[in-house]
Amino acid sequence: MRSMILGQYVQGDSFIHRMDPRAKLTGLFLFLLVMFLANRPAALIPAAAFACFVFLMTRIPVRYLLKGLKFIAIMVIFLFLFRMLMTREGTVLLDLPWLPIYEEGVRDGAVFAGRLFLLMVMATVLTLTTTPIELTDALERLFKPLQRLGVPAHELALTMSIALRFIPTLFSEMEKIMKAQMARGASFSDGSIVKRIKALIPLLVPLIIQSFRRAEELAVAMEARGYAGSEGRTRFRQMVWRASDTRVLFTVVLTGICIFALRG
Amino acid sequence: MAEETAVQVNNVTYRYAEGAPSVLSGLSLKVEQNEWVAITGHNGSGKSTLARLINGLLLPEHGDILVQGLNSASEDDKVHIRRKVGMVFQNPDNQIVAPTVQDDVAFGLENTGVDPQTMEKRVAWAIKAAGLAGLEHAEPHNLSGGQKQRVAIAGILALKPDILVLDEATSMLDPLGKKEVMSLAGRLHKEENVTVISITHDLEEVLRADRMIVMNQGVVTADGKPDDVFREKEILDRAGLEQPFSVRLREELARREVVIPENAVSEKAMVSALCRLKHKT
Ligand SMILES: Nc1ncnc2c1ncn2[C@@H]1O[C@H](COP(=O)(O)OP(=O)(O)OP(=O)(O)O)[C@@H](O)[C@H]1O
Ligand SMILES: [Mg+2]
């Protein structure tokens with residue numbers, strides 16, 4: 001159970017680790033936008049080069065990245081096939097009786113798959129180098145200007161951080177309840193699907209009831225510690241946006257210019 | 001300021017809902033600055049309710065509560081009262097908010113709007129004072145019960161409170177955890193002059209106090225030095241309390257005409273009194 005905990009972060013002290021998380025998030029978003037400029041596989045080369053460069057800078061062993069990308073690779077291949085077969089323009093490359101493959105289809109599929117793959121690589125790099133707390137904090141700050149429009153940035157971030165705090169606690173509680181039910185003869189691993197789902201009920205009910213109790217006690221404890229919403233609150237974690245952070249964003253824009261130049 | 005009464009409860013009545021029986025009925029008590037008071041009494045006698053009234057989480061129906069002269073019912077003073085009174089609750093898991101120790105210790109400071117530079121210093125100081133140095137980045141679910149409760153205390157400590165309320169803060173801990181938490185509270189009491197109000201069923205903990213208050217059905221039924229109160233068997237019986245082992249032992253010995261000095265209440269004092277006895281014979 002412990003192995004499935006969210007957002008694998010790999011501790012480190014690289015330039016990417018130390019970047020302002022706001023810059024990392026903004027950079028990822030910019031990177032996504034810039035990739036839309038590509039309309040043929042060759043135009044994605046600058047983006048791929050940028051991604052490689054960033055990953056090398058994190059100094060994280062490649063196997064971590066590969067582990068995270070296994071599932072994504074399957075998705076990417078699937079997407080490629082799907083796009084390829086759906087597009088029916090240009091010259092026919094391969095005249096299969098049922099599924100003729102068109103030149104345009106291969107191109108379109110490759111661009112689509114390439115974009116998704118690179119985006120996923122960069123997103124993985126983000127979670128590998130940024131702790132979940134830094135991420136929630138950065139999201140709160142980036143969305144703060146929208147608070148006036150009714151976006152509850154602070155509340156959402158707090159909820160996320162409490163969830164992060166309690167996920168491991170709930171997992172170990174679930175394990176405990178599971179063992180208790182197993183000691184009474186319950187089984188979670190055999191029988192039909194219906195039977196297995198039924199077996200989960202005595203597991204989930206106590207867990208949910210317990211969670212409500214926790215939530216109530218936590219709310220009281222938070223109030224006792226002076227919590228009264230975001231107003232007048234200061235933050236322990238400070239974020240410093242350095243010139244180097246701006247430079248990274250600038251590099252993303254440069255990558256965009258290269259992509260534009262390579263358009264077909 | 002220093003000479004002001006820490007907590008003054010004047011004739012307070014409280015009920016959770018209209019028509020429900022009153023949980024506190026005309027309760028009055030006073031806790032002086034830098035005192036260590038233990039509050040005990042059986043389940044449902046209203047101890048936790050009293051604790052919540054003291055820092056303004058609940059407001060009395062009748063009567064009033066003054067914390068260093070500030071009325072808990074005043075909206076403006078509420079913030080100050082929350083800062084002065086720190087509360088530690090029973091369940092160590094359900095009072096830690098943040099995903100790491102240092103973020104949690106900072107939580108109260110963030111709420112009161114302390115500037116980041118001061119905050120950093122205070123957090124580091126509180127973590128060290130609570131004996132948690134080296135665990136700054138630890139995640140709560142990897143800590144022991146005693147460590148979690150000390151994180152909770154550190155979070156309060158960072159706010160430099162005058163009064164610490166422990167609501168059965170050790171009841172879910174193992175003996176080692178209990179010891180850690182109580183010795184931390186003891187140190188704060190001595191070194192930082194914190195007033196301690198400890199709600200507890202643990203008789204050993206009661207014996208550490210300067211004074212003990214026994215509650216029964218929402219009123220105070222006994223109030224005095226633990227040594228004196230524990231001799232009043234009748235009151236204890238009514239409140240569903242047992243005499244501590246040392247007191248029972250002394251009375252049992254007295255019946256056999258072995259005299260142990262009355263001030264030998266704590267386990268340590270008892271042991272040394274018994275040893276002295278052995279030397280004499
Ligand atoms: N949130 C609540 N809503 C309604 N009734 C409550 C609430 N909390 C407590 N009570 C009731 O108030 C009475 C006093 O409860 P309180 O928690 O103050 O007792 P206590 O002395 O702390 O007991 P314990 O030793 O079990 O902690 C009990 O009868 C309880 O049922
Ligand atoms: Mg209670």
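A: Start in chain A, at helix α6 (residues 132-143): Arg141(A) and Asp137(A) both lie in this helix, four residues apart, about one turn of the helix. This is a predicted model, and every distance and area here is computed from it. The two side chains pair up: Arg141(A) forms a salt bridge with Asp137(A), with 3.1 Å between the closest N and O atoms. That is inside the 4 Å cut-off of the rule. Over all chains, the rule counts 24 salt bridges.

Now move to the chain contact. Chain B brings 34 residues to it, and chain A brings 27 residues. Together the two chains bury about 2,800 Å², and 55% of that is on carbon and sulfur atoms. Three residues stand out on the chain B side. Asn94(B), Val97(B) and Glu110(B) supply 22% of the area that chain B buries against chain A, more than any other three residues.

Glu110(B) also has a charged partner. Its side chain meets that of Arg235(A) in a salt bridge, at 3.4 Å from N to O. Across the interface, the rule finds six salt bridges. Polar contacts there link 15 residue pairs, counting pairs with both residues at pLDDT 80 or more. Which helices of chain B take part? α3(B) gives the most, with 10 residues. By class, the residues on this side of chain B are 15 nonpolar, 12 polar and seven charged.

Chain B also holds ligand 1. Its surroundings include Tyr16(B), Val23(B) and His42(B). A run from Asn43(B) through Gly44(B), Ser45(B), Gly46(B), Lys47(B) and Ser48(B) to Thr49(B) is also around the ligand. Glu168(B) and His201(B) complete the shell. By class, this shell has two nonpolar, eight polar and two charged residues.

An oxygen atom of ligand 1 lies 2.9 Å from an N or O atom in the Asn43(B) side chain. For the side chain of Glu168(B), the distance from a ligand oxygen to an N or O atom is 3.0 Å. Taken alone, ligand 1 exposes 630 Å², and the protein buries 57% of that.

Terms used: Residues are numbered from 1 along each chain as its sequence is written. Chains are lettered from A and ligands numbered from 1 in the order in which they are written. This is a predicted model: local features need pLDDT of at least 70, side-chain atom pairs count only at pLDDT 80 or more; totals for chains, interfaces and linings use all residues. Side-chain values use heavy atoms; hydrogens and water are left out. A residue is near a molecule or strand if one of its heavy atoms lies within 4 Å of it. A polar contact is a pair of N or O atoms within 3.5 Å; within protein, one must be able to donate a hydrogen and the other to accept it, and residues adjacent in sequence count only if both atoms are side-chain atoms. Accessible areas come from the Shrake-Rupley method with a 1.4 Å probe; for residues, only the protein chains shown count as cover. Ala, Val, Leu, Ile, Met, Phe, Trp, Tyr, Cys and Pro count as nonpolar, Asp, Glu, Lys and Arg as charged, and the others, Gly among them, as polar. Contact means heavy atoms within 4.5 Å. Buried area is the accessible area (1.4 Å probe) that two parts lose on being put together, summed over both. Helices (H or I, at least four residues) and strands (E, at least two) are DSSP runs, numbered from the N terminus.
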